[in-house]
2 protein chains.
Amino acid sequence: MLYLVGLGLSYKSDITVRGLEAVKQCSRVYLEHYTSILMAASKEELEQYYGKEVILADRELVESGSDDILRDADKEDVAFLVVGDPFGATTHTDLVLRAKRQSIPVEIVHNASVMNAVGSCGLQLYNFGQTISMVFFTDNWRPDSWYDKVLENRKIGLHTLVLLDIKVKEQSIENMARGRLIYEPPRYMSISQCCEQLLEIEETRRSKAYTPDTPAVAISRLGSSTQTFKSGSIKELAEYDSGEPLHSLVILGRQCHELELEYLLEFADDRDKFRNDVVADQEFFKPAPWVPPQEDDD
Amino acid sequence: MLYLVGLGLSYKSDITVRGLEAVKQCSRVYLEHYTSILMAASKEELEQYYGKEVILADRELVESGSDDILRDADKEDVAFLVVGDPFGATTHTDLVLRAKRQSIPVEIVHNASVMNAVGSCGLQLYNFGQTISMVFFTDNWRPDSWYDKVLENRKIGLHTLVLLDIKVKEQSIENMARGRLIYEPPRYMSISQCCEQLLEIEETRRSKAYTPDTPAVAISRLGSSTQTFKSGSIKELAEYDSGEPLHSLVILGRQCHELELEYLLEFADDRDKFRNDVVADQEFFKPAPWVPPQEDDD
């Protein structure tokens, strides 16, 4: 059996009871280690907690070495652990498909991920549109295809969850060119960098997908003991010190109801200003007022 | 301390280790009991599992009796259990706000909910738009405001998660009028009824938000041992026997990539037909082809 087990967001004890039982009976335990990190537990702490060796699975192992992961999984139990839920990233559906083709039974143990736990900022999950990823800009690579998605979401009043880039086990271009397996220290995008990149692309594209005054919520260390929310305009959050990773951001859409706003105000430095920003922003992309249909005189 | 603890989708052991530790130290344990049900465990089984009495909290208790729930929570620990994740429904942010106003510390223990576990159908969560709820139609109440939301989602290529109505502890109109506290047996909407209602409203509205041939995925008993997916057109799923509850449905958008389609085909009765339906449906709301900007001759 191949178990795909979600670890949840932060603590080693965020694993479900069912997930822990599964891990304990597995002969090999892999931990996906390139799309996210577990904030409050190291590999060694997990090994002690599970009573098992944990094999870190980088992108290469998952994408090219899946035969290693699936080896003998028709005869013994293998666990593949994923921070959050196993179905955040496409590569894991790929692993499931490969297992199925080898007639290896697969069991999924779901858990919380940023995709649903983001609801704890107070905005209804119902009113989120498509999710975007913000990558680290470089001198000559500043991708902005996400801009159209924010525009599409905001045109119909929906919030946009922005996932911030993390770089784990990346090589510098020089080391890659020279074939040296030396890896850069991990990097995690901060809220301020994300907001600066948002502002830069709005400056270039100028379709008013959002403005510097558009309200947003910074979400830091979601699900951990130091979890923090900060409500502010994109411009304000570009100056915000969000502290330790991980972070994500929600760009608000028009559909923010009074109870939700009240909740967000708890996280604002200047409550009146944030309320005014939300009210002003609701005028963007507002549908035309309803006009009663004309009488048909035919 | 008020603990809001997500129970996940199905098994009593879907609670997280951290959640279970919290529940075991609480003096009162409430279970929210009107927006969803835990499929594989009864109240009695939960009580045995936690070693605690579990108080079922119906809508009235949560919305009007929150003082009961919060009583003494500044001095002792109280757990409020929610199937899925605590931030699926607005009423629970309301409970958190009330607790905060009484200076009661609140801790959230997240878990999987349909909002993220739906990813196990193989479609990327990134490409989901706003979520809609489908309620049981009655003779004189056939609400269709969700229709515009499906249209909005599909115009920009996004999938729509449809949550199917459940009726727990509802009174008949007669019993309500006579003030008799007699409750109807619980009812859970089936996939076929949902699809029939979808088809009926498309017949009325005729904006082609979707057609009878639009591809969809029926999701039944998500996260349980009898979890089932079925890929088919809305018309086909209107004839589908989805079995025991709970169910939800995904109406596909244009953004279905090859790997995702491959995954969905595993759940189709007629793979070729489903593939053709997806390809044909991708023509709906397709953006106009890109035209190179004209040379500026000024």
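Predicted model: local features only at pLDDT ≥ 70, side-chain atom pairs only at ≥ 80, totals over all residues.
A polar contact here is a pair of N or O atoms within 3.5 Å, where one atom must be able to donate a hydrogen and the other to accept it.

**Entry: polar contacts between the chains**

With that rule in hand, I went to the interface of chain B and chain A and found 21 residue pairs in polar contact, both partners at pLDDT 80 or more. Next I asked which elements of chain B give two or more residues to the side that touches chain A. My list reads helix 1 (17-24), helix 5 (90-101), helix 6 (114-117), helix 7 (146-155) and helix 11 (258-265) of chain B. Helix 5 of chain B gives the largest share of that side, seven residues. I then sorted the residues of the side of chain B that touches chain A, and they divide into 21 nonpolar, 20 polar and 10 charged.

**Entry: extent of the chain interface**

I looked up how many residues meet: 51 residues of chain B are in contact with 51 residues of chain A. The area buried between chain B and chain A is about 4,500 Å², and carbon and sulfur atoms give 57% of that area.

**Entry: salt bridges between the chains**

How many salt bridges did I find between chain B and chain A? The count is four. I picked one to look at by eye: the side chains of A:R101 and B:E262 meet at 2.6 Å, N to O.

Where they touch, 12 residues of domain 1 of chain A are in contact with 13 residues of domain 2 of chain A. The two domains of chain A bury about 970 Å² between them, with 66% of this from carbon and sulfur atoms.

Which three residues supply more than any other three of the area that domain 1 of chain A buries against domain 2 of chain A? I wrote down A:L9, A:I37 and A:M39, which supply 45% of it. The side of domain 1 of chain A that touches domain 2 of chain A has six nonpolar, four polar and two charged residues.

I checked for salt bridges between domain 1 and domain 2 of chain A and counted zero.

Terms used: Residues numbered from 1 in each chain as written. Chains lettered and ligands numbered in written order. Heavy atoms only, no water. Contact = heavy atoms within 4.5 Å. Buried area = accessible area lost by both parts, 1.4 Å probe. Nonpolar A, V, L, I, M, F, W, Y, C, P; charged D, E, K, R; others polar. Polar contact = N/O pair within 3.5 Å; in protein donor to acceptor, adjacent residues only side chain to side chain. Helix = DSSP H or I, 4+ residues; strand = E, 2+ residues; numbered from the N terminus.
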